[in-house]
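User: Could you zoom in on the charged side chains and how they pair up? I'd like one connected walk-through, cut-offs included.

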Amino acid sequence: MNLVIIACIGKNNELGCNNDLIWKFREDLQTFKKLTMGHQIVMGLNTYKSLPGLLPGREHLVIADQPFDYPSEIKVFSSLESFLTYARTYYSETGKHICVIGGGMIYKQLLPHSDKLILTEVDAISDATIFFPNFTHQDFIIEKEEDFIDSTTGIKYKRKTYIRNKFSI
């Protein structure tokens with residue numbers, strides 16, 4: 001299966017605070033839109049609730065272990081296992097990847113199943129209530145790395161694309 005994790009994290013793996021993004025760099029948000037447009041995006045219930053609405057041009061998948069009201073265009077999975085079964089079938093039938101967009105628990109659960117990570121790594125520390133999971137960097141190869149400076153805040157960040165190393169032990 002082909003899961004692609006997309007996240008923006010701080011020096012200490014800070015991901016979010018009080019169910020909101022910590023960093024909202026214009027360039028990074030535009031890149032997120034470009035990377036996810038036309039793809040299925042999977043998230044947890046809190047991430048879904050934090051969205052301003054359905055993101056246009058993307059099919060929303062939500063993993064939630066509790067019932068909630070949702071529009072008919074959303075696919076909801078009551079367990080991680082049911083999502084993984086769906087994702088395997090989806091990939092075998094279409095060859096397309098699914099973008100994993102959060103939150104912290106979903107990243108932690110899907111990291112072992114993900115083939116690619118696209119991480120915006122911010123050169124800053126912030127208060128956080130949600131963190132990106134630690135991962136073994138030796139399990140991945142850096143395929144691409146780009147440097148940026150946010151024009152509004154002056155904060156430096158890198159976007160790294162990690163590809164799972166199929167030969168890691």
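Analyst: Asp123 is partly exposed, at 43% relative accessible area (buried is under 20%, exposed over 50%, partly exposed in between, using a 1.4 Å probe and protein chains only). Before going on: this is a predicted model, where local features need pLDDT of at least 70 and side-chain atom pairs count only at pLDDT 80 or more, while totals for chains, interfaces and linings use all residues. Numbering starts from 1 along each chain as its sequence is written, and side-chain values use heavy atoms, with hydrogens and water left out.

The partner of Asp123 is Lys11: the two form a salt bridge, with the closest N and O atoms 3.0 Å apart. Lys11 sits in the loop between β1 and β2 (14-16) and Asp123 in the loop between β7 (114-122) and β8 (130-131), so this pair ties together parts that are 112 residues apart in sequence. Strands here are DSSP runs of E, at least two residues, and helices are runs of H or I, at least four, numbered from the N terminus. Lys11 itself is exposed, at 52%.

What counts as a salt bridge? A side-chain nitrogen of Lys or Arg has to be within 4 Å of a carboxyl oxygen of Asp or Glu. By that rule the structure holds 9 of them. The general idea is simple: side chains of opposite charge can pair when their charged atoms come close.

Another pair is Lys24 with Asp20, where the closest N and O atoms are 3.1 Å apart. Lys24 is partly exposed at 48%, and Asp20 is partly exposed at 41%.

Then there's Asp147 with Lys158, a salt bridge at 2.6 Å, N to O. Asp147 belongs to strand β9 (residues 140-149) and Lys158 to strand β10 (residues 156-164), so the pair links parts 11 residues apart in sequence. Asp147 is exposed at 58%, whereas Lys158 is partly exposed at 29%.

Asp28 is part of helix α1 (residues 26-36), and its relative accessible area of 10% makes it buried. Its side chain makes a polar contact with the side chain of Arg159 at 2.9 Å; that term means a pair of N or O atoms within 3.5 Å, where within protein one must be able to donate a hydrogen and the other to accept it, and residues adjacent in sequence count only if both atoms are side-chain atoms. Leaving out residues up to four places away in sequence, Asp28 touches Cys8, Thr120, Tyr157 and Arg159, with contact meaning heavy atoms within 4.5 Å.
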